[in-house]
Amino acid sequence: MTSNRILPVSRAMSEAIAEEMRADPSVFVMGEDIGTYGGIFGATGGLLDEFGEARVRDTPISETGFISAGVGAAMSGMRPIVELMFVDFFGVCMDAIYNLAAKNTYFSGGNYKVPMVIMTATGGGYSDAGQHSQTLHGTFAHLPGLKVVAPSNAYDAKGLMTAAIRDDNPVMFMFHKGLQGLAWMASPDAAATVVPEDAYEIPFGQASVLREGKDVTIVTLSMMVHKAMEAAEALAKDGVEAEVIDLRTIVPLDRETILNSVAKTGRLLVVDEDYRSFGLTGEIIAGVAEHDPTLFKAPPRRLAVPDVPIPYSRPLEQFIMPDAAAIAEAARASLG
Amino acid sequence: MPSNAQILWMYEIMEKARYYEDTMAAVYMEGKSPKFDIGAGTVPGEMHLAAGQEPCAAGVCVHLRPDDAVTATHRPHHVAIAKGVDLNKMTAEIFGKASGLAGGRGGHMHLLDPAVNFSCSGIIAQGAGPAAGAALAAKLRGTDAIAVSYLGDGAANQGGFHEAMNLAALWQLPVVFVIEDNGWGISVPKAKSTSVADNSVRAAAYGMPGVHIADNDTLALFDAAEEAVARARRGEGPTLIEVETYRYYGHFQGDPELYRPKGEVEALKAKDPIKRLRDKAIADGSMTEAEADAALARAKAEVDAAFAYAREAAYPAPEDALTAVFA
Amino acid sequence: MTDIVIPTGLWDAEVTPEGIVSNWFYADGTKVAKGDVVAEIMVEKSTFDIEAPADGVLSRSVAKDGVIRPGTVIGHVNAG
C-alpha cells in the first residue's frame, strides 16, 4: 500500500512494535518509563494505552534484573523487547547481554533460542556529557552472539525493528537520540521519511548506497549518515563525487557492498560517532585491507570521536564530534 | 537536638540551595523558548533540580567535616552546596566554562571537588560503592572520617546499592546511606517500582540499622543523622536513612510530567520544609527573624555572585577536550 | 476548504502563551483523511497531536518550528 505519511524515527519504531504486538501475543515490552511516559525517547508511545500493563511494563531501575528476565522470558518462548534507556547504562547489566543473551544459543548447540530485542539510545551533541552521550557501536559488535543494527532514518527504523522482533536471535537495536524527531531535540530533516502503514522488514546485512559517486567511498551509519550526505553535497560543488554507504546493520556487516565501492573509487573514509580506537572504523578498514590492499589508491581514513570521555561544554563537545566540514576535508585529503 | 548555630546554618544552606535551583530553572530556559531544544542556550543538556529536597542535604551535612566523603546523584546541587563545594567553580562548570571544577568537561551531573571530598555521578546507585570505598580508606588509615552516599528511591532497586550495603555491613564500614525518597523514578511512582513501602526496612536484610524520616522533617533528620554519623565515627558501622522528601520540579527540566497527579506539587509546596523550619525556629526562639532575613540575604547574594561569575567566565579552548584524560 | 486550527484548552495558555509546530507528518499537497494525525505541536514541555479535520489535500501554512497559539491556523485541507 502506498503512503504519503511522514513519520519521525520514534513513531516509526513504536508503530513497528505495535504492529508486531497485534500480530503476535508473545511480544511484550519492558523498560524504564516505557509505559505511561511512552519512552524517554518516544520509542513506545501509545503502547500502554493499546496493550495494557501486562504487556507494556514499566520496570524499576534494575537493569540486570529486567534484562536478564528478558533473556529468561525469551528462552521460555516469549519475544521480549527490552529498553536500555541509554546505551551508556550497559555497565550495570552487561553480563545479562553478553554472557547470557549472546551465548545461550551457542551453549545449547542451537537448542535454545533467545529472540529478544534490546533497544537502546545512543549519541551525543547536546551536552549530556560523558555518561549519557556515548554511541558504543564497536562495544556490542565486538562480542559474538549479538546482532547489532543502527538505522539512520524512519523508513529503515521501522523495517529493521520489525525484522529484529521477528529474528530468533538477540538484537541490539541502537537508535540515535538525535534522529528520533523528538520535539525537544533537534534532528536532521532527512531522518523523518515516508513510512508505509503496513508491516515490512528490512533484511539484516544489507547496506544502502544512498549516493553514488566515483571518487571516494564514505562508509558510515546512524547520525553520521546525515553529516556525510551534507559533506557529499559540499564536495559535489567542487567536482568531487562521493559514494555514501549507510551500513544500517553492523552485525551482520555487508562487506560486499563496501568492497565493491572501494574497488570502484579506490578511496575509503569511514565515519563513526563511536570512539576511534579498537572499534568499527578499524574493522571496516581492516576488512578491505585483508581482502585486497591494492584496492586502496590512497591510505584509508577514518573519522570518529577521539579516545576521550565525551565532554560537557559545548565548544569541547563540538570539537570532538565529526561534522560535515571535517568529513568533507578528510574526503578531499584522501584525493591528495 | 541542634544548637542555634546549627539551626541557622541549616536554614541558610537550604535557602541557598532553593534559590540556586530556582535561579537555575530560569537560566536553563534561556535560549530554549519558544522551541525547547535541549542542546541550546546558556546551560545546555540535561538539568535535574532538587528544589524541595533541601532538608536531605542540610540535615546530614551539618554533621560532616571536609574530610568526610560524600557521593551524590544526578540531582546534586543541594548536596554540593551543603558540603561546601566552591559555588563559583560549580556554577562555572554547569555553564561549561574554563574556570569550572573540571574546565567544562563534566557539567551538571559530574561535579567533583576533592577540596571538600565531594563527587557525583549520573548512573543510578553507582555512588554507593565508592562511598563504601571512601569509608574503607578511612578505616584503613585509622581516621574517624566517614562517608555519606546519597541515593534516590529508585536506586534502592539497583544492584550496586545492595552490594554496597552488604559490603558496608560486612566490613563494618563508616558509611551512612541516605535515600532521598521523592516518590518518583522519572515517571514511575515508588509503589510501582519498589516491593516495600519503606526502604529503611531493607537495612535489616543487611544487618544494619534503618531509619525512616517522614515528611521532609529537617530536625528529625538532624537527630537521625547525628546518631548515624556518631556510630560510624565510633567504628560501629553503617546506617541506612530514608527521607521522605519532595521533588518540586520534573525529573529533568523539560519533563512534561504528564504522569504526575494534578495538584501534587502545590500540596507539597503548601508545607514547604524551609518555611516550616524557619517558622518553628523563630517561634521557639532558636532563631530571630533578623538572623533569618540576614541569612537569606547572604544566601541569595552568594548565589547571584556565582551566576554572575559563571556568565562572565570564558569558555575553554576546544582542544581542552583532549586533555586531563590521564593524570 | 477546512482550516486546521490549534484548539483552545489543550494547555494553559495564560502560563505559556506560545508553542511551536514540532513535526509535520504529511508533505504539502498530499492527500489526507479526516482523523489522520497530520502534525505535532510542542508547548514548552508537552506535545500534542493535531488531526486533519476533513478529507482532502493538505496545504501547510506554518512551517516546522513556527510559533503557534490557541486558534492559530497551521494549514488547510482542500476538498478534492
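This is a predicted model: local features need pLDDT of at least 70, side-chain atom pairs count only at pLDDT 80 or more; totals for chains, interfaces and linings use all residues.

Colleague: Which residues of α11(B) are buried, and what do they pack against?

Modeller: The buried residues are B:Ala292, B:Ala295, B:Ala299, B:Val303, B:Ala306, B:Phe307 and B:Ala310, and they pack against α1 (4–28), α4 (87–94) and α10 (273–283) of chain B.

Colleague: Switching to chain A, how is it divided into domains?

Modeller: Chain A is divided into domain 1 (6–194) and domain 2 (208–334), and the centres of these domains, taken over C-alpha atoms, are separated by 26 Å. Their contact takes 29 residues from domain 1 of chain A and 23 residues from domain 2 of chain A.

Colleague: Which elements give two or more residues to the domain 1 side?

Modeller: On the side of domain 1 of chain A that touches domain 2 of chain A, those elements are α6 (137–141), β6 (147–149) and α7 (154–166) of chain A. The residues of that side divide into 13 nonpolar, 14 polar and two charged.

Colleague: Staying with α7(A), how many of its residues are buried?

Modeller: This helix is mostly covered, with 12 of its 13 residues buried, and the buried residues include A:Tyr155, A:Asp156, A:Lys158, A:Leu160 and A:Met161. As for its length, the end C-alpha atoms of α7(A) are 18 Å apart, which agrees with the 18 Å that its 13 residues should span at 1.5 Å a residue.

Colleague: What about the largest nonpolar core, how many residues does it have?

Modeller: The largest nonpolar core has 241 residues, and those with the most contacts inside it are A:Phe173, A:Ile218, B:Val175, B:Val176 and B:Val178. The element that gives the most to this core is α1(B), with nine residues, and the core also draws at least three residues from each of domain 1 (6–194) and domain 2 (208–334) of chain A.

Colleague: Can you take B:Val176 as an example, and say what it touches?

Modeller: Not counting residues up to four places away in sequence, B:Val176 touches B:Ile146, B:Val148, B:Ala225, B:Ala228, B:Val229, B:Ala232, B:Pro238, B:Thr239 and B:Ile241.

Colleague: And between chains A and B, how many residues are in contact?

Modeller: There, 33 residues of chain A are in contact with 41 residues of chain B. Helix α11 (residues 314–320) of chain A gives the most to the side of chain A that touches chain B, with five residues, and by class that side has 18 nonpolar, 10 polar and five charged residues.

Colleague: Where is A:Pro311 found, and is it buried or exposed?

Modeller: A:Pro311 is found in the loop between β14 (301–305) and α11 of chain A, and it counts as buried because 30 other C-beta atoms lie within 10 Å, where the cut-off is 20 or more. Leaving aside its neighbours within four places in sequence, A:Pro311 is in contact with A:Leu316, A:Glu317, A:Ile320, B:Gly104, B:Arg105 and B:Ala321.

Colleague: Last one, how many residues of chain C are in contact with chain A?

Modeller: 11 residues of chain C are in contact with nine residues of chain A. On that side of chain C, β2 (19–24) and β4 (37–43) of chain C are the elements that give two or more residues, with β2(C) giving the most, three residues. By class, the side of chain C that touches chain A has five nonpolar, four polar and two charged residues.

Key. Residues are numbered from 1 along each chain as its sequence is written. Chains are lettered from A and ligands numbered from 1 in the order in which they are written. Helices (H or I, at least four residues) and strands (E, at least two) are DSSP runs, numbered from the N terminus. Two residues are in contact if their C-beta atoms, placed from the backbone, lie within 7 Å. Ala, Val, Leu, Ile, Met, Phe, Trp, Tyr, Cys and Pro count as nonpolar, Asp, Glu, Lys and Arg as charged, and the others, Gly among them, as polar. Domain bounds come from an automatic or database domain assignment. A nonpolar core is a set of buried Ala, Val, Leu, Ile, Met, Phe, Trp, Tyr and Cys residues joined through C-beta atoms within 7 Å. The expected span of a helix is 1.5 Å times one less than its number of residues.
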